[in-house]
Amino acid sequence: MEKLIITAAICGAEVTKEHTKAIPYSIEEIVREACSAYSEGASIIHLHVREDDGKPTQSKDRFKMAIEAIKAKCPDVIIQPSTGGAVGMSIDERAQPIELIPEMATLDCGTLNFGGDEIFINTENDIKEFAKRMQEKNIKPELECFEKGHIDMVLRLYKRGFIKGPLHFSFVLGVNGGMNGELRDFLFMKESIPYDSTYSVAGVGRFELPLAVYAILDGGHVRVGLEDIFILKKDNLQNRMVN
Ligand code: KMH
Ligand code: ZN
C-alpha cells in the first residue's frame, strides 16, 4: 500500500478573516500555518498567497517570499503553488509562480461556475499553455478536476502529448458550480482515471471529511484545510470566528 500523502490547503483565495480569523494573510501567518500543518503530518502545502490586507495575489515576489520563509522553517515540505489564483485573474498573472520552478503546481483542467456570477475560466488552450510552461520547467502538475469532464480533458491532452504521465489527479468536489462529493461522485471520478495514475481528493465544505475517509480506505490521498472548509458544524461558526 502506498503511503498516505496529506496536502494542506492553508489559505486559498476566497476565505477571509470575516469567515475565520485563522486564515493566514501575512507571510508570518502563512509560515505559521504551513509549518503547523507539516508538523501534524501534511507533506504538501497547496499554496495561495495574499497581500497583508488579504487580497489574493499571484505575485512572483510574494510567492518567493512565502516559499523561502516556509522552507527556512520546514525544509522538507513540498510546496505546491496554485496557478488557479482567484477568479478573474489573467493567465499570465496566474502563471507567475511557475517561474520559481517549484516541485509541483496545480493545473486546473476545465471551466466551471464558481458561485453567484463567478466563472473560473480554464479553456482548452489555457490548460495547454499552463501544461507547456510547467513541462518546460519539469514541474509536476497536480491535475485539478472539479467534475468528470475535466478528467476527459486531461485524458485527451495526455493522449496528444500536452500532459505527460504518470498522471496525478486532484478531485476537487463540492464547489458551488462543480460536481458534488457524494460517494457515487467519488466512485465515478476515481473509476474514470487510468489504473496507473494517482489521485488525491479535496472535498469542499461538508464533503471534506467523508471524501477523505473514502479516499483513505481506497488507498488514495487527501487534501484538507481552510481553503476548502472553515466550519466543521454550522453552530460552530461563531466560536471559530472569535478564536
Ligand atoms: N481559487 C480558485 C478560483 C487552484 O488552486 O489551482 C482556484 C483554485 C484552484 O483555488
Ligand atoms: Zn487552490
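The model described here is predicted.

Strand 11 has a partner in strand 10 (residues 168–173), with which it pairs in the parallel sense over six bridges. Within this pairing, V172 has A202 of strand 11 as its bridge partner. Strand 10, helix 6 (residues 183–190) and strand 11 together make a right-handed β-α-β unit.

Strand 11 also pairs with strand 12 (residues 221–224), again in the parallel sense, over three bridges. Here S200 stands opposite H221 of strand 12. From strand 11 the chain crosses through helix 7 (residues 208–218) to strand 12, and this β-α-β crossover is right-handed.

Aromatic rings form a further topic. Six aromatic pairs are found in the whole structure. A pair of aromatic rings is described by the distance of the centres and the angle of the planes. Two of the pairs are listed below.

| Pair | Centre to centre | Angle of planes | Class |
|---|---|---|---|
| F120 and F146 | 6.1 Å | 80° | edge-to-face |
| F169 and F171 | 6.3 Å | 40° | tilted |

F120 belongs to strand 8 (residues 119–120) and F146 to the loop between strand 9 (140–145) and helix 5 (148–159), so their pair ties together parts that are 26 residues apart in sequence. Both F120 and F146 are buried.

F169 counts as buried because its relative accessibility is 0%, and F171 counts as buried at 0% as well. F169 and F171 belong to one aromatic cluster with F186, Y199 and Y214.

Charged side chains also meet rings. K17 lies over the face of Y25, 4.7 Å from the ring centre, while the charged end of K128 sits over the ring of F162, at 4.8 Å from its centre.

Conventions
Residues are numbered from 1 along each chain as its sequence is written. Chains are lettered from A and ligands numbered from 1 in the order in which they are written. This is a predicted model: local features need pLDDT of at least 70, side-chain atom pairs count only at pLDDT 80 or more; totals for chains, interfaces and linings use all residues. Side-chain values use heavy atoms; hydrogens and water are left out. Two strands pair if DSSP finds at least two bridges between them. Helices (H or I, at least four residues) and strands (E, at least two) are DSSP runs, numbered from the N terminus. A crossover is right-handed if, with the strands pointing away from the viewer, the path from the first strand over the helix to the second runs clockwise. Rings of Phe, Tyr and Trp (its six-membered ring) pair if their centres lie within 6.5 Å; planes under 30 degrees apart count as stacked, over 60 as edge-to-face and the rest as tilted. Buried means under 20% relative accessible area, exposed over 50%, partly exposed in between (1.4 Å probe, protein chains only). A charge sits over a ring if NZ of Lys or CZ of Arg is within 6 Å of the ring centre and within 35 degrees of the ring normal.
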